[in-house]
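Let us walk through this structure step by step. Keep the sequence beside you as you read.

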Amino acid sequence: MGLVAQMKNRVLKKMRSLRRVIVAVVRFRNVGSLRLLRDRYLQLMLDCLTGSIYQDPPLKALGDGSFDPTLREYGWDWPSVAHSMIGRRRMGNLRLLVERALFDRIPGDFIETGVWRGGACIYMRAVLEAYGVRDRRVWVADSFAGLPPPDVAYPADAGDKFHTFPELAVPLETVKCNFEKYGLLDDQVIFLKGWFKDTLPAAATGPLAILRMDGDMYESTMDALTHLYDRVSPGGYVIIDDYRVVDGCRKAVDEFRARRGIADELVEIDGVGVYWQKTRHSG
Ligand SMILES: C[S@@+](CC[C@H](N)C(=O)[O-])C[C@H]1O[C@@H](n2cnc3c(N)ncnc32)[C@H](O)[C@@H]1O
């Protein structure tokens, strides 16, 4: 090889190694800033959906009309306009579990049974958006007309008054509109309108990576577990929003777990909600 060719080769080699360094630097910087942007987006979404960012006061019927950050932290009040009432801790936990399901490649969609204004489902869709996930869906199950009156078949719900609260009846169109406000209403969001006992058995969900239950009553919790638990993938998560504060809900969960011999550890979220991770052998 002539001297010129040798020099040319050496220069090319140097250029290639320099390019590798540049690509590595650019990629590293992009990964860092992408992570930061994703985190800021999801944090902003959490602040908006829980009404913390604009200090949304609670509904007049249930509070003294002033915003209390502690109540909102634990989801102990019902916001006037914010899109979720589950509070910052349980919302943060939802993000964590959705991210774990994505990182650990737990197969399946995400569902919430009992969505109110849609906030928790909007957040699950936002996490999918933040990670560019296109092959999972968010199922949004609700009567969109409030809670059912207690059924005599379920003594644990006797005297339950939730069905008398008009504040809990949020029409489907309003919830769709709420998704739209964040630019998150698309074919990755599926609405199931009606009582759980009617909609869940035939819902074409396929496997579920997350089953989040927020129907408050014994009947609503038991219907969700009965029709959806077996669809939860091994390694998937079962979240119960009201386990520590609604007796009927807790009773349904305890009975279901005992009946199915589920021994997976109940993990505390914020003194109100709990979750468990379904092991391969449970239920
Ligand atoms: C406490 S709210 C849900 C709060 C919501 N997860 C959030 O992020 O703010 C309870 C919801 O469950 C719905 N619900 C309760 N039981 C139901 C049932 N058996 N069938 C259909 N919807 C039900 C109610 O309509 C209401 O929207």
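Predicted model: local features only at pLDDT ≥ 70, side-chain atom pairs only at ≥ 80, totals over all residues.

Residues are numbered from 1 along each chain as its sequence is written.

Begin with the chain. It has eight helices and seven strands. Both are DSSP runs numbered from the N terminus: helices are H or I with at least four residues, strands are E with at least two. The C-alpha atoms fill a box of roughly 95 × 45 × 30 Å along the principal axes. Of the 283 residues, 39% are buried. A buried residue has 20 or more other C-beta atoms within 10 Å of its own, an exposed one has 12 or fewer, and a partly exposed one falls in between; C-beta atoms are placed from the backbone. Two residues are in contact if their C-beta atoms, placed from the backbone, lie within 7 Å. Among contacts with a separation of 6 or more, 71% join residues 24 or more positions apart.

Now take helix α8, residues 247-260. Its 14 residues reach 20 Å from the first C-alpha to the last, close to the 20 Å expected at 1.5 Å a residue. That expected span is 1.5 Å times one less than the number of residues. Which residues of α8 are buried? They include Gly248, Cys249, Ala252 and Val253. Seen down the axis, the buried residues of α8 fall within an arc of 135°, so they line one face of the helix. The arc is that of the directions from the helix axis to the C-beta atoms. An α-helix has 3.6 residues a turn, so residues three or four places apart point the same way. The buried residues of α8 pack against α7 and β5. On the other side of α8, Asp254 and Ala258 are exposed. Gly261 follows α8, with a positive phi near 65°.

Next, the largest nonpolar core. A nonpolar core is a set of buried Ala, Val, Leu, Ile, Met, Phe, Trp, Tyr and Cys residues joined through C-beta atoms within 7 Å. This one has 66 residues, and Tyr123 is one of those that touch the most other members. α4 gives the most to this core, eight residues.
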